[in-house]
2 protein chains.
Amino acid sequence: MNQQKVRLLISYDGTDFGGWQRQAKGKPTIQGTLEDILSRVFNEPIQVVGSGRTDAGVHAIGQVAHFKTSRDLSRYQLLRALNGLLPTGVVVRQAWRAPSDFHAQISATHKTYHYWLLNSPVPSALRHRYLTWNQRPLDFGFLEACAQQIRGEHDFASFQTSGTESGPTTRHLMEARWTRKSPTLFCFSVTASGFLKQMVRNLVGTMVDLNLAGQPAEEMTTILAAKNRQKALGTAPPEGLHLYRVYYPRDLDNKCRTL
Amino acid sequence: MNQQKVRLLISYDGTDFGGWQRQAKGKPTIQGTLEDILSRVFNEPIQVVGSGRTDAGVHAIGQVAHFKTSRDLSRYQLLRALNGLLPTGVVVRQAWRAPSDFHAQISATHKTYHYWLLNSPVPSALRHRYLTWNQRPLDFGFLEACAQQIRGEHDFASFQTSGTESGPTTRHLMEARWTRKSPTLFCFSVTASGFLKQMVRNLVGTMVDLNLAGQPAEEMTTILAAKNRQKALGTAPPEGLHLYRVYYPRDLDNKCRTL
């Protein structure tokens with residue numbers, strides 16, 4: 001039987017989900033929801049492999065996943081069927097026929113996350129699900145000075161939430177910068193080949209807490225050097241975090257074809 | 001007892017509310033929620049007067065309301081208490097001490113509404129609560145040509161949802177234009193001294209339906225001239241509609257003071 005591999009580009013509102021990874025109990029998950037709907041659409045059991053997990057409450061603009069099927073569906077039929085059956089807030093934006101050596105997790109070369117922070121005296125009525133509100137005044141220049149300290153290759157052991165499988169904790173941040181989208185809306189963009197557990201949320205939480213505590217931005221370097229989670233400060237809440245994009249080698253991208 | 005008038009600037013996510021106006025049954029309303037929380041904060045019964053109603057599911061960026069109280073609270077205390085007690089998705093952005101002749105509804109000179117339309121093959125995962133998704137391709141130039149037909153003073157009887165109290169149906173649209181915020185995101189901005197029941201949603205629904213039916217944009221003028229609701233086409237859904245701003249005479253604005 002001829003099996004084909006399908007690559008999906010997925011967006012989701014993580015608010016009402018227990019994260020990406022299928023689990024036996026608790027809230028529905030994105031992976032579980034996709035597998036259930038794909039299995040119905042293809043009328044065969046489908047397993048979905050994502051580029052990686054996202055925590056409960058974290059959103060995705062550009063999550064990537066793949067699955068194998070022995071049946072044929074056009075891109076139009078697939079997108080229409082999936083988006084018709086998926087719950088509001090989970091959207092399959094695009095689908096390609098992927099080469100057999102494409103693997104959503106193993107082939108991924110790097111990822112970009114965005115973390116959105118609203119720094120204003122009052123919260124947001126319409127965007128509260130997609131950003132973190134911080135009432136106390138933050139210094140944008142301070143946050144950017146913190147981000148400068150962590151760019152490049154470092155051991156991020158201090159920013160790894162415990163309970164993670166042990167392994168190398170050195171990561172290379174190709175991008176780590178704050179952008180001011182409006183006087184009160186800040187966005188932290190970070191790109192790396194890989195991230196430790198809750199690393200982005202631990203980085204953002206620590207930068208914000210250092211600012212509020214009146215510590216110098218150089219404290220980020222001291223915390224990195226300690227290689228000890230006890231030295232970092234808070235973990236920023238999940239609702240501000242968005243998986244923005246997953247990158248693959250160009251030759252693999254070029255081998256993906258319209259379904 | 002010295003009564004003072006307070007003016008509020010309010011934003012709300014209308015998704016989970018039964019509209020602005022307090023009602024005996026059904027979903028909670030914005031007015032009812034505000035009155036309950038204000039009565040708790042001031043420890044006296046508070047009645048809230050809004051600039052006007054919004055339908056169930058319609059959002060507001062800049063709704064305005066007033067209430068009277070005999071008690072004193074600073075702006076800081078009031079905003080903190082209200083935003084701490086109000087449900088997520090209802091935010092009091094600003095509060096002023098208003099002059100005694102200020103009336104949120106009667107003093108309002110005009111209002112601006114925005115209607116957001118996503119015109120793409122797939123829906124939006126993160127903005128689905130705040131816009132209306134239209135899958136079939138729309139012609140932006142056609143929508144703008146329709147908007148041109150309705151600018152200025154016209155009898156909008158054809159665009160008034162029935163069940164309204166009878167009265168004059170002529171309105172002056174100072175602004176009626178479509179803006180293309182991105183290749184797939186369109187926004188209709190409309191400003192007038194007053195609106196008939198569901199007028200903005202009936203205008204948008206008719207423009208979209210004319211486009212999809214391949215009718216000429218001049219049909220808008222024909223429908224206006226008919227002065228008959230049966231002649232207009234669909235009513236666009238509430239989730240795309242946002243009350244953006246309410247305007248008051250400058251002298252009243254100038255007499256509003258920091259609490």
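This is a predicted model: local features need pLDDT of at least 70, side-chain atom pairs count only at pLDDT 80 or more; totals for chains, interfaces and linings use all residues.
For the labels, I kept residues numbered from 1 along each chain as its sequence is written, with chains lettered from A and ligands numbered from 1 in the order in which they are written.

**Entry: the two copies**

The same surface serves both copies, since 100% of the contact residues of chain B recur in chain A.

I then went through the interface, where 19 residues of chain B are in contact with 19 residues of chain A, contact being C-beta atoms, placed from the backbone, within 7 Å. On the side of chain B that touches chain A, the elements giving two or more residues are β1 (4–12), α2 (75–85) and β4 (90–98) of chain B, and the largest share, three residues, comes from β4(B). I took these elements as DSSP runs numbered from the N terminus, with helices (H or I) of at least four residues and strands (E) of at least two. By class, this side of chain B has ten nonpolar, seven polar and two charged residues, where Ala, Val, Leu, Ile, Met, Phe, Trp, Tyr, Cys and Pro count as nonpolar, Asp, Glu, Lys and Arg as charged, and the others, Gly among them, as polar.

**Entry: domains of chain A**

I noted that chain A is divided into domain 1 (4–107) and domain 2 (110–244), bounds that come from an automatic or database domain assignment. The centres of the two domains, taken over C-alpha atoms, are separated by 28 Å, and 14 residues of domain 1 of chain A are in contact with ten residues of domain 2 of chain A. The side of domain 1 of chain A that touches domain 2 of chain A holds four nonpolar, eight polar and two charged residues.

**Entry: a helix pair**

I followed helix α3 (residues 140–150) of chain A to α5(A), and their axes come within 8 Å and cross at roughly 35 degrees; the axes are lines fitted to C-alpha atoms over the stretch in contact, with angles running from 0 to 180 degrees between N-to-C directions. The contact is made by A:Cys146, A:Gln149 and A:Ile150 of α3(A) together with A:Met220, A:Thr221 and A:Leu224 of α5(A), and these divide into four nonpolar, two polar and no charged residues.

**Entry: single residues**

I found a phi near 55 degrees, a positive value in a residue other than glycine, at A:Asn43, which sits in the loop between α1 (30–42) and β2 (49–50) of chain A. A:Asn43 counts as exposed, because 9 C-beta neighbours lie inside 10 Å; the cut-offs, with C-beta atoms placed from the backbone, are 20 or more others within 10 Å for buried, 12 or fewer for exposed, and partly exposed in between.

A:Lys227 likewise has a positive phi, near 50 degrees, and is found in the loop between α5 (219–226) and β10 (241–247) of chain A. With 15 other C-beta atoms within 10 Å, A:Lys227 is partly exposed.

Technical notes. Two residues are in contact if their C-beta atoms, placed from the backbone, lie within 7 Å.
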